[in-house]
Amino acid sequence: MVLSQKAATAAIAGICVAFVAIRLFHLTDSCLWFDEIFTVHAAEHSWNSILSFVALDLIHPPLFYILLKLWIGVGGDSLFWLRLFPVVFAVIAIHPFLSLCNELKLKFWTRMLALFLFAVNGSLIKYAQEVRMYSLLLCLSLFSIWLFARFLNNGKGFLPLFIINVLLVYTHYFGLLVLGAEVAAVLYLQRARWLRMMTMTGVVLVFFLPWVIAVSRAAGEASALGQNIGWMTRPGLKAVIQFVLNLVEPFYYQASSADPMSIFKVSVPMFLILAAAVVWYFSYWKILAEEDRAAIKFLSLISILPLSGAFAASWLLPYSVWGSRHLIILFAPVSIFLAIALTKIPKPGVRTAALVFILLFGGYAFVIRSAQDRPQYIWCAWNDVARVLSSDAHGQSAKIYVFEDLIAYHLWFALRDTENAAVFRVMGTRVANDDAYFLPRGFDGVRKIDLSEIDGERITIAFRSDDLEGNQSPISNLVARGYEVVATVPFPVGTSTAYLCELKFRE
């Protein structure tokens, strides 16, 4: 079926509008979580200290934090304004996505399907709504891949490609994998252009060298990298399966470890349909047009090489670097690859049925997602605790003792504008601390003290527990030191509860 130019433009515009609406849907349903708080905290540093603070974190370059600082300067730090920032980059990414489709000379219906898969992918929706650098990573990697494809086709766009790649590596270290894949692709597909590509790569690395030096110096002052990523597991069969499902699953994403890995009744049929289309497509490889084969070779190199690099690095390096959020650089080329395979199924009836089922499962996933309750996370309870503490302070000094880094950081952030509020992280109790969350290096807003240093006739503590009197409660430690509970305010969230307790010293 052939559409007029106006109808084709309207169809693409319709998907683009849906793309934006999906990313604005439920944008502020949940509060900022630990990593987002760190991002905003970093962006709130002065221009003199922001780079050194980010360097101490070791694991991310500074570009996103700098841009977020400018964004906050324009519109403030409301939850909506902060969450809108990554959405903007997700929306901008539509342009290089469609430009890449054009550069690969894809037919209209293939571009439509590719854009649809790109728009409804659950992981992409998640990272478009998270105040982290992954949406910017997606956007810049797409610009890089598109400009690289244009450079391969006609030698144009070399300077913009260089600029984008500098910005890309200053956004996330996985940008180096994109750059490496482009070098390998030019050696395989267009060897005549290898010298310019290698020169550009070398200059990009020279531009990146100041940050490498800054992080190296910071690493000398900081604790081991394992504090940042030591909790990440090496990719086994389960992790690979989860990543594959993330590539194809519409609307759903695992927001926390308590959530199911996938909605299997949607993701498994989607995967089987798409996998069958890919197998069928390659069975006709020899008779495919050269233009189609060139597009698939390009997309395969751009996708497989970073994936293989991340997998190998996660097994060879001391710590794993595997994660869907890092591999967001692959989602767009994979969406285009799958769209090509689906729309090239040679039997019209089978092709139509496959496309209809993809659309139906996508719609079903949207219905499931829309019917889900507003997410409730325990870390959001600390905002409620902070409001109570702020209202009770009345200009007086307010000390709050906590027993986990995660709680200390969330409460400090929520109370950072409250005069005379002080958060103390108490060590030496039976409360377990999640090692995936730790107070930032170079941060002195929370003072760490030993249990024996707690003093005062009356004290206020905050903690979380499934059982107020259980092993995860610090109350028994304080009772042993002579305190008794005089007031307890629970903040139930799901199966757990945050507690704000007042204790006094027994006479």
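How are H2 and H20 oriented to each other? The points below take up this packing and several other local features of what is a predicted model.

1. Helix H2, residues 34-43, packs with helix H20, residues 405-415, at an angle of about 45°, and their axes lie 10 Å apart. The two helices are therefore oblique to each other, an assignment that follows because an angle under 35 degrees would be needed for roughly parallel and one of 65 to 115 for roughly perpendicular. The crossing of H2 and H20 is left-handed.

2. On the H2 side of this contact stand Phe34, Ile37, Phe38, Val40 and His41, which meet Asp405, Leu406, Tyr409, His410, Trp412 and Phe413 in H20. Sorted by class, the contact of H2 with H20 comprises eight nonpolar residues, two polar ones and one charged one.

3. Pro86, Phe89, Ala90 and Ile92 of H5 make the contact with Ser135, Leu136, Cys139 and Phe143 of H9. By class, seven of the residues in the contact of H5 with H9 are nonpolar and one is polar, while no charged residues take part.

4. Two backbone torsions deserve a look during any check of the model. Most residues other than glycine have a negative phi. His26, however, has a phi near 60°, a positive value in a residue other than glycine, and His26 is found in the loop between helix H1 (5-24) and H2. With a relative accessible area of 31%, His26 is partly exposed.

5. The other torsion belongs to Leu58, where phi is near 75°, again a positive value in a residue other than glycine. Leu58 is placed in the loop between helix H3 (50-57) and helix H4 (63-75), and with a relative accessible area of 9% the residue Leu58 is buried.

6. Val248 belongs to helix H14, which covers residues 237-248, and at 11% relative accessibility Val248 counts as buried. If residues up to four places away in sequence are not counted, Val248 touches Asn121, Ser267, Met270, Phe271, Leu274 and Leu338. The C-alpha atom of Val248 is separated by 9.3 Å from that of Phe118, although the two residues are 130 residues apart along the chain.

7. Helix H18, residues 348-371, has 24 residues and reaches 35 Å from its first C-alpha to its last, which is close to the 34 Å expected at 1.5 Å a residue. Its buried residues include Ala354, Ile358, Phe361, Gly362, Ala365 and Ile368. Among the elements that cover the buried residues of H18 are helix H7 (108-120), helix H15 (264-283) and helix H17 (331-343).

8. Helix H11, residues 175-189, has 15 residues, and the 21 Å that H11 reaches from its first C-alpha to its last is close to the 21 Å expected at 1.5 Å a residue. The buried residues of H11 are Gly175, Val178, Leu179, Ala181, Glu182, Val183, Ala185 and Val186.

Definitions and conventions
Residues numbered from 1 in each chain as written. Predicted model: local features only at pLDDT ≥ 70, side-chain atom pairs only at ≥ 80, totals over all residues. Heavy atoms only, no water. Helix = DSSP H or I, 4+ residues; strand = E, 2+ residues; numbered from the N terminus. Expected span 1.5 Å × (residues − 1). Buried < 20%, exposed > 50% of the residue type's maximum accessible area, 1.4 Å probe, protein only. Axes fitted to C-alpha atoms, helices over the stretch in contact; angles between N-to-C directions. Parallel < 35°, antiparallel > 145°, perpendicular 65-115°, else oblique. Left-handed = near helix turned anticlockwise from the far one by under 90°. Contact = heavy atoms within 4.5 Å. Nonpolar A, V, L, I, M, F, W, Y, C, P; charged D, E, K, R; others polar.
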